[in-house]
Amino acid sequence: MNYKVETENFLKDLERVAQVRVEVANYLEQMAETIELAELEGKISSGGLGLNSHLEDMKAVENNLRQGVFRFLVLENMKQDKSTFLNALLGENLLSSNINSCTAVLTILRYGKEKKVTVYFNDDTKSEQLDFQQFIQTYTLDPSEAKQLEQDDRQAFPNVSYAVVEYPLPLLEKGIEIIDSPGLNEPEARLEGTGFPEFLGSLNTFLTKERAIAQLRQARTIACQAYTRTHEAIERRIPLLAQDVDRLKRKINSVEPEFKKLTGIRDRFQQEIRSMRDIQAKGIADSFRNYILNLGNTFETDFPRDRLDLKLFDFLSKNKRDAFNAALKKAFEQYINDKLSNWTLSAEKNLNTAFNQLTVSATRYGESYSQITDEITEKITEQKVVANPNSTAEDDKTPTWTKWAMGLFSLTRGNLAEVAIAGAGFDWKNSLFNYVAVIGIGNIISAAARIFLEPTGLALIGLGVGFVQADRARQELVEMTEKELIKHLPQLASEQWLAVYNGVKEYFDAYEREVTKRIDDDITSRKSELDNLVKQKETFEINRDAEVQRLQKLNGEVAIKSQQIERIFQKLSSASA
């Protein structure tokens, strides 16, 4: 099979999607500029329409479309040579000729106009720039040396954080970054049997179809929301232009009860989030504690004893004991990682259920919210609210904050997931559970080291084994370790309960803060929309005909941009079906 042709086709698909992303980003930028300019013009005409709250989201999505980077990590334990695999993906023999396969530091490959390597350190050492040859000479190891370091569980360059390789390759230019983990590779091998064609096909489908559609859906949602809000504000503004100030003030006062109802919806939804937070934080923390306490019941069968390369009297020799200590620590760390990964599956299921319930609530509250805003419009304009004839399926009357709370798109600030349309919701696992797992593993590993890895403890274990074969030695070790673990599990479970509880609680708190802020912003913008008109009328006589013309032009321009984004989205969706 011609892997170069496959890679070239992949690049063509990426280029096509990149062009679409730029096109949509341009429309979003033009849409935002149109709204921003209209709000400025409103200061010298009938007043702003309260649309500025949409600009931040539009600019964030636009920036993501222009600069979004997809990163994937290549781990060392591949069945075939990692360098050959990556070179086929990159379309050039970069790794075999420029980066030794035994590079001993984490390496990030990204696009750069000039070929260079920058090494970053995890201490106060200033980053250094190298050429490829210098990098190879300094940060690569002989395979036998690297193998020994791996066995000893030691790092070759402990003060190095990572290296960034910049290279002018087409794949990297399309926003792809490759994180190459340090490790040993087998000698150069052919790609037959590696699953490269299947991998490339799956990656192509994900990047040029699934991910692309998700990103454009986010842009489409933002654009539709901005247009709907603009259209509604203009439909309210035009009938009010001819009314005198006193009558307008009376109408605004008359809808104060409706605005109180909006804040009431906010308060009820806020309280529901808090109640869900308290239930889930305690429930998940309790499940973690119970899970940890139960580890002793399954330790003997779950602990990876086959990883312990024991030989007779090794643990009685100080020099060999160090290697044994490292092997035991590594095996225990793997065990804890595996167990916590299993726990997160059930905990994540509980969280997903909780946020699905909040999604249902957000939908319900959003419907009530929209009914009240329609009542405000009808009382102010004395006209029945009618559906927008130019609306699309996505362009409904759901409030912007409801769309966000339902998980259709996320934002760039706060502790929530990074900007990435999730389709069915936020990527809670990448935020919450990584935090919980890191905290949990770190403390448990530290405690385990104190319990199991002290020389005295190992000597006692060794004396208890005596003259027996390795299998029996492993059995004795596991049994002794299990007894020590069971003694300390209550303390470990108690220490970590609070960390898990606070982690879950903060996640719901962050969600609540964002939802509350968005509801408040919407209410404030709706009030300012009316207050701005009153202020302008009190200041000068508004040219009604000119203002109607300006507002209708604004409505048309925003509608066109929204429709253009909709057409691009539908076209890409059809092509990907």
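Reader: What share of the 577 residues of the chain counts as buried?

Author: The model is predicted. In it, 49% of the 577 residues count as buried.

Reader: And how much accessible surface does the chain have?

Author: About 28300 Å². Carbon and sulfur atoms account for 49% of that surface.

Reader: What share of the chain's contacts joins residues at least 24 apart in sequence?

Author: Take contacts between residues at least 6 apart in sequence. Of these, 86% join residues at least 24 apart.

Reader: Now helices. How is a packed pair described?

Author: Two numbers describe two packed helices: the angle between their axes and the distance between the axes. Take helix α9, residues 245-254, and α10. Their axes come within 5 Å and cross at roughly 35°.

Reader: Which residues make that contact?

Author: From α9, I252, N253 and S254 take part. From α10, the residues are E256, P257 and E258. By class, the contact of α9 with α10 has two nonpolar, two polar and two charged residues.

Reader: Where is R266?

Author: R266 sits in helix α10, which covers residues 256-293. The side chains of R266 and D267 are joined by a polar contact of 2.9 Å.

Reader: Which residues does R266 contact beyond its neighbours within four places in sequence?

Author: T516, I519 and D520.

Reader: Let us turn to a strand. Is E166 buried or exposed?

Author: Compare the relative accessible area with the cut-off: buried means under 20%. E166 has a relative accessible area of 18%, so E166 is buried. E166 lies in strand β5, residues 160-167.

Reader: What does E166 touch, not counting residues up to four places away in sequence?

Author: E166 touches R110, Y111, G112, E114, K115, K116, T118 and F132.

Reader: And Y167, buried or exposed?

Author: Y167 is also in strand β5. The same test applies: under 20% is buried. Y167 has a relative accessible area of 5%, so Y167 is buried.

Reader: Which side chain forms a polar contact with that of Y167?

Author: The side chain of K115, at 3.5 Å. K115 is also among the residues that E166 touches.

Definitions and conventions
Residues are numbered from 1 along each chain as its sequence is written. This is a predicted model: local features need pLDDT of at least 70, side-chain atom pairs count only at pLDDT 80 or more; totals for chains, interfaces and linings use all residues. Side-chain values use heavy atoms; hydrogens and water are left out. Helices (H or I, at least four residues) and strands (E, at least two) are DSSP runs, numbered from the N terminus. A polar contact is a pair of N or O atoms within 3.5 Å; within protein, one must be able to donate a hydrogen and the other to accept it, and residues adjacent in sequence count only if both atoms are side-chain atoms. Contact means heavy atoms within 4.5 Å. Buried means under 20% relative accessible area, exposed over 50%, partly exposed in between (1.4 Å probe, protein chains only). Accessible areas come from the Shrake-Rupley method with a 1.4 Å probe; for residues, only the protein chains shown count as cover. Axes are lines fitted to C-alpha atoms, for helices over the stretch in contact, and angles run from 0 to 180 degrees between N-to-C directions. Ala, Val, Leu, Ile, Met, Phe, Trp, Tyr, Cys and Pro count as nonpolar, Asp, Glu, Lys and Arg as charged, and the others, Gly among them, as polar.
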